[in-house]
Structure formats: C-alpha cells, structure tokens
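Please have the viewer open while I talk.

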Amino acid sequence: MAVFEYEFMQRAFWAGGLIGMIAPILGVYLMLRRQVLMADTLSHVSLAGVALGSVMNLNPVLCGFAVAMIGALLVEQLRRSYRTYSEVPVAIIMTSGLALAVVLMSLKTNLSKTFSSYLFGSIVAVSNTQLWMMAAVCLIGLIFFICLRRQLYNLTFDEETASIGGVRVKGLSFAFAILTGMTVASAMPIVGVLLVSALIVLPAALALRISRSFATAIVIAVITGLAGIFSGLTASYQWNTPPGGTIALILLFFLLTGISAQKLISLYNRKRHRAAQQNQTATLYIHSKGNT
C-alpha cells in the first residue's frame, strides 16, 4: 500500500498498534471502576508537563510523561481523601493541570504551533523516541494485566472484598494509576490531548455493552481499538484530516453501530419469542377443541 511507503506512516501505524493493544484494556478497567474521566484529567496534566519541558528547554515528551505519572499518583491519593466524593479529585487535578499548561504556554510565545499537534494529534509527530516509549508502555501494561489479572479483577469490583482476600489494595491502586498516566502520555502524539479519552473509553464502552463476560469484553475492546486506529490513520492520510478526530469519529461510529445492531437483534428475538408463544397458545387451543 502507498500509505506504508513513508517512514512517518510506518511509525504512526506501529505506534497505533502498540497503543491500541493497551489503551482499550485500560478503558475496560477504568469504566468498571467508574474512573472514566481520569484519562481526560491526566491528558491535561501531561500537557502541562509538555509546556514545562518546553519552557525549561527539556525534552517535552519525557516531561509530559513524568508529570502525567505524578498527576496519576495525586489523583489516587486525593481519591482516598475524598472517598464519598469520588469526582472531586478528578476536578481538582484537571483544572490545576489545565491552568498550569495555560500559564506555561503564555511564557513562551512560539509554542502555539507546536502545541496544536499535542492538542489534536499528528501523524508526523511520532518520533523514534516516542515509539520506543510506547513499546515500553505496551510491554509493561501487558505484563501488568496478565500477571495481576485476578487481583485487578477483585479490586475492580469490590476493594473491601479484595483487601480481605489478601490483595494489597493501596499498592495495586497506585500501580494502576501510574500505568494509566503512562498510557495517556504515550497516546497523546496519536490522538492528541483533547481526544485521548476517546481512544481509551469508546472501545471499552462498546465491548461492555455487547459482551457477556469480562474476558470477552477485553478481546472485543482490543479488536475495536486496533480497527479504529488503523482505519483512522489510513483515512487521515488519504483525506488530510487530523488523526485524533478521525480515529475518534470512527470509534464513535463503531459504538453507535454496535448499540443499534444489539437493539435490532433484541427486538427481533422478542418478536420471535412472542410469535412462538402465540403459536404455542394456538396449538394448545386446537388440541383442546379436538379433545372436546
């Protein structure tokens, strides 16, 4: 294919494949833990890290990566302080990260063009450093979810029961928060800050809607995420559209199509069941009349 003739497109597809394997799995756990907005929060915090790196003449990518992990730890710590109001830590960190990003951006006037790629994503923005970073995050994430799948499953549905069962709830929660920050920071070059949560949440939303088991939900989420990323990158290259928005719209189309198909199948099954009941009633009536 012509799309793979260019090195930057090869890097974009490799990056998309790596992120597409780990982000949807993370999304399933975040949705079940009712922490969907955490991805949005950490993307804004990561943007503040990128701005900080640019102002201090440091590597913006690494700074955004580090600050996202710090933000994840702060969210988890505040979540334990506001157990009754679980949305408060998200609001605090999100607004703080966005405010810091805006102030830092104002200190360096030539950042506006550079930041557009971080806000909306850019196919050519994926560097070799970022690609290796994504590979490391993907590997760490897969090892984390495979080795700790039973503990994570118990933690996701009931922290108190998990604690009684011997799970180190606090340590595992902080490790999960760090992985979330790493994944969000790694996904920024592909989909951008504004749409990073779409890559994490939309495949998981479809998977949890149509699957009948937890394992099936994980598989469907990953397949949906990879299909959305690859088709979105291809369409973005062909039509010269922002990759983040294109990927998000395709994933949204998958979600709406899946929900509509599920409703049509459910309606069809109800009609078949109703028709079967009517046929059974008619048969019983005929038999009763024949016996009399």
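In the second largest pocket, helix α11 gives the most to the lining, with four residues. This is a predicted model, in which local features need pLDDT of at least 70 and side-chain atom pairs count only at pLDDT 80 or more, while totals for chains, interfaces and linings use all residues. Residues are numbered from 1 along each chain as its sequence is written, and side-chain values use heavy atoms, with hydrogens and water left out.

A pocket here is an open set of points on a 1 Å grid over the protein atoms alone, where a 1.4 Å probe fits, with protein on both sides within 12 Å along at least five of seven lines, and lining residues have an atom within 4 Å of a point. Among the lining residues are Tyr29, Phe145, Tyr153 and Phe214, and by class the lining has ten nonpolar, no polar and one charged residues.

Now to the rings, which pair if their centres lie within 6.5 Å, planes over 60 degrees apart counting as edge-to-face; by this rule there are eleven aromatic pairs. Tyr29 and Phe214 have ring centres 5.4 Å apart and planes at 70 degrees, so they are edge-to-face, and this pair links helix α1 with helix α11, across 185 residues.

Methods. Helices (H or I, at least four residues) and strands (E, at least two) are DSSP runs, numbered from the N terminus. Ala, Val, Leu, Ile, Met, Phe, Trp, Tyr, Cys and Pro count as nonpolar, Asp, Glu, Lys and Arg as charged, and the others, Gly among them, as polar. Rings of Phe, Tyr and Trp (its six-membered ring) pair if their centres lie within 6.5 Å; planes under 30 degrees apart count as stacked, over 60 as edge-to-face and the rest as tilted.
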